[in-house]
Amino acid sequence: MREQVLKSILNDLNGASADIEASAVISSDGLTMAALLPQDVDEDRVGAMAAAMLSLGERTARELARGELEQVMVKGESGYILMSHAGKDAVLTVIARKEAKLGLIFLDAKRAAKSISEIL
C-alpha cells in the first residue's frame with residue numbers, strides 16, 4: 001500500500017518535467033522503498049550510493065559549519081543527480097537530463113519530498 005502511494009508521488013514528479021528521467025525513495029540505510037528507474041539500473045546499488053552520498057554530505061556540512069544539509073547534487077556530462085531528505089528517514093533521488101532547468105527540478109523535488117515525508 002505505502003509503496004504504491006510513494007510510486008504515485010514519483011510518477012507525478014517524473015511527469016512534472018520532461019527533464020526528469022527517473023526517481024526513487026530510499027531509506028536512510030540504503031534500502032529502496034519505491035523507484036521509477038530504467039530497467040538496466042540496479043535499485044539496490046542506487047539505494048546504497050544515495051544513502052552514502054547523503055551521509056557524506058551531512059558530515060561535510062556539519063564539519064564545515066554550513067548548517068543542516070538540504071541536498072546533494074552531482075553533475076556529470078550526461079546530466080544531474082539530486083538527493084534530498086524526504087522526512088527524517090528517507091532520501092528522494094532524482095535523475096535529470098543535462099539540459100534540465102534546475103530551478104524547476106528543485107521546486108518539484110521539494111514538493112515531492114514534502115509529500116513523501118507526510119506519508120512516512
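Mentor: In this predicted model, α3 gives the most to the lining of the largest pocket, with 5 residues. The elements that supply two or more residues to that lining are β4 and α3. The space in the largest pocket comes to about 220 Å³. Its lining consists of L69, E70, Q71, L82, S84, H85, F106, L107, A109, K110 and A113. Sorted by class, these are 6 nonpolar, 3 polar and 2 charged residues.

The second largest pocket holds about 160 Å³ of space. Here α2 gives the most, with 4 residues, and α2, β4 and β5 each supply at least two. V46, M49, A50, M53, V74, I81, M83, T93 and I95 form the lining. By class, 8 of them are nonpolar and 1 is polar, with no charged residue.

The structure has 1 cavity of 30 Å³ or more, and the volume of the largest cavity is about 30 Å³. Around it stand M73, Y80, I81, L82, V94, A96, L102 and I105. Two or more of the lining residues come from each of β4 (79-85), β5 (90-97) and α3 (102-119). β4 gives the most, with 3 residues. The lining divides into 8 nonpolar residues, with no polar and no charged ones.

L54 counts as buried because its relative accessibility is 3%, under the 20% cut-off. Apart from neighbours within four places in sequence, L54 is in contact with L69, V72, M83, H85 and V91. Of these, L69 and H85 line the largest pocket, and M83 lines the second largest pocket. A109, another residue in the lining of the largest pocket, is 55 residues from L54 in sequence and 15 Å away in space, C-alpha to C-alpha.

Leaving out residues up to four places away in sequence, D19 touches I95, A96, R97, E99, A100, K101 and I105. Among these, A96 and I105 line the largest cavity, while I95 lines the second largest pocket. D19 is buried but has no salt bridge. The nearest side chain of opposite charge is that of R97, 4.5 Å away, and a salt bridge needs the nitrogen within 4 Å of a carboxyl oxygen.

Methods:
Residues are numbered from 1 along each chain as its sequence is written. This is a predicted model: local features need pLDDT of at least 70, side-chain atom pairs count only at pLDDT 80 or more; totals for chains, interfaces and linings use all residues. Side-chain values use heavy atoms; hydrogens and water are left out. Buried means under 20% relative accessible area, exposed over 50%, partly exposed in between (1.4 Å probe, protein chains only). Lys and Arg count as positive and Asp and Glu as negative; His and the chain ends are not counted. Contact means heavy atoms within 4.5 Å. On a 1 Å grid over the protein atoms alone, a cavity is a set of points where a 1.4 Å probe fits but cannot get out, and a pocket is an open set with protein on both sides within 12 Å along at least five of seven lines; lining residues have an atom within 4 Å of a point. Grid points are joined across faces, edges and corners, and a volume is the space filled by probe spheres set on the points. Ala, Val, Leu, Ile, Met, Phe, Trp, Tyr, Cys and Pro count as nonpolar, Asp, Glu, Lys and Arg as charged, and the others, Gly among them, as polar.
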